[in-house]
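Me: I've got a model open and I'd like to learn how to read it feature by feature. Can we start with a helix and work outward?

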Amino acid sequence: MPPIPPLLGARLDGRSAGPSAGPSTGPLDGRFGDNPDGASGDASGDAFDDTFDYTFDDAELRTARAALTQGRRQAARSLLRHTGDDWDRRGHRLTVLAREPYAAAWASDWLNAEPGSADAAALYALAQVQRALRGKEDPGPAREACAAAAALAPADPTPWLGLLRLARTLGPEREVLGAFAELRRRHPEHHHAHHLLLARLAERPCGGRAAEDHEVYDLAELAAAEAPADSPLALLPVVAYAERHRVLAVTGLAPADPAACGHWSGPRARRILCAAFDWWLEWEHDEHPRRHIDLNHLAFALSCAGRPAEAAALFRRIGRHATPEPWSYAHRDPRAAFQTARARAAGH
């Protein structure tokens, strides 16, 4: 896959990122992840409780997490060993494990017992990142832990995912672009990395361009076009539209209710939604570890665009696996927003 070209002078190789955008003013990546356990309800999605569970339907991950909360690391060790170089799954599993409140202490013990373990180092690094994002520690130790994990496993993009999560919220834009470049060099289709990049670039000013001409849309469409036909990156343009509305709403340039602002009614938005829904019908992958995030984005977009029949099909696939993003954007209650949109789709 050829590299993404520079955007407004920003080089994705991280050497010349142009003027710093400063720390992100958007929501923390994973800010609903302090206690992501316990999603419940039947398979039709009739209910979920007060927290969101990012394990989704990964039973092995759920088992490993439960064991880790009891101080037993063997299940996590086995899980990560068998995950191998499925980089999207490895990144997702480690991120979920790292959200546990005592993950850093457990990973530190594991690393002391097995100093050369790349899995222990990666878990410790991502747990330190999570602590920094929660404001419990300075980001410096998290960056050092990510660098140490990267040195143990140079081909693994996951330590760079930790650095990208930090930079997306706490760092200048040049750090975002540099970490993304390293991730993309190791895994060009890294799902989580592309979502983080779009979230940050959506916060760039529009620069006098028309509403549907923001550069984040251009980058999302380019990345989707360059990915293989069956890649879930095909849905990146939908993600970009959701991220841009988040920014517009937070800055007062659009109503907080995305269905009330016409954001999804323009010709480009309609084209993107049609292409995304068609892709989902043909290519949806049941096995992708983050597919429920994509499903929630597409259901959100279809709901906002007034396409309840298509949204209803997505809600059936989502079942009980609701995600806070993008339902929480513009400071909305994600559970209420999800339930309202699902009820409207069911009654169309």
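Predicted model: local features only at pLDDT ≥ 70, side-chain atom pairs only at ≥ 80, totals over all residues.

Me: Is α13 mostly covered or mostly open?

Reply: Mostly covered: 13 of the 14 residues in α13 are buried. After α13 comes Gly306, with a positive phi near 75°.

Me: What else do I get around α13, say in terms of cavities? How many cavities of 30 Å³ or more does a search of the whole structure find?

Reply: Two. Take the second largest cavity, which holds about 70 Å³ of space. α13 (291-304) and α12 (267-283) each give at least two residues to its lining, and α13 has the largest share, with three residues.

Me: Which residues line the second largest cavity, and how do they split by class?

Reply: The lining consists of Pro232, Leu235, Trp279, Trp280, Glu284, His285, His288, Arg291, Asp294 and Leu295. By class, that's five nonpolar, two polar and three charged residues.

Me: Are Phe56 and His331 buried or exposed?

Reply: Phe56 has a relative accessibility of 1%, so Phe56 counts as buried. His331 comes out at 68%, so His331 counts as exposed.

Me: And where is the cis peptide bond?

Reply: From Glu325 to Pro326, with omega near 5°. Pro326 is part of helix α15 (residues 324-327).

Me: Let's zoom out. How many helices and strands does the protein have?

Reply: There are 16 helices and zero strands. Of the 348 residues in the protein, 56% are buried.

Me: What about the contacts and the surface?

Reply: Count the contacts with a separation of 6 or more: 68% of them are between residues 24 or more positions apart. As for the surface, the protein exposes about 13,900 Å², and carbon and sulfur atoms supply 54% of that area.

Technical notes: Residues numbered from 1 in each chain as written. Heavy atoms only, no water. 1 Å grid on protein atoms, 1.4 Å probe; cavity = no way out; pocket = protein on both sides within 12 Å on 5 of 7 lines; lining within 4 Å. Points joined across faces, edges and corners; volume = space filled by probe spheres on them. Helix = DSSP H or I, 4+ residues; strand = E, 2+ residues; numbered from the N terminus. Nonpolar A, V, L, I, M, F, W, Y, C, P; charged D, E, K, R; others polar. Buried < 20%, exposed > 50% of the residue type's maximum accessible area, 1.4 Å probe, protein only. Contact = heavy atoms within 4.5 Å. Areas by Shrake-Rupley, 256 points an atom, 1.4 Å probe, with all protein chains shown as cover.
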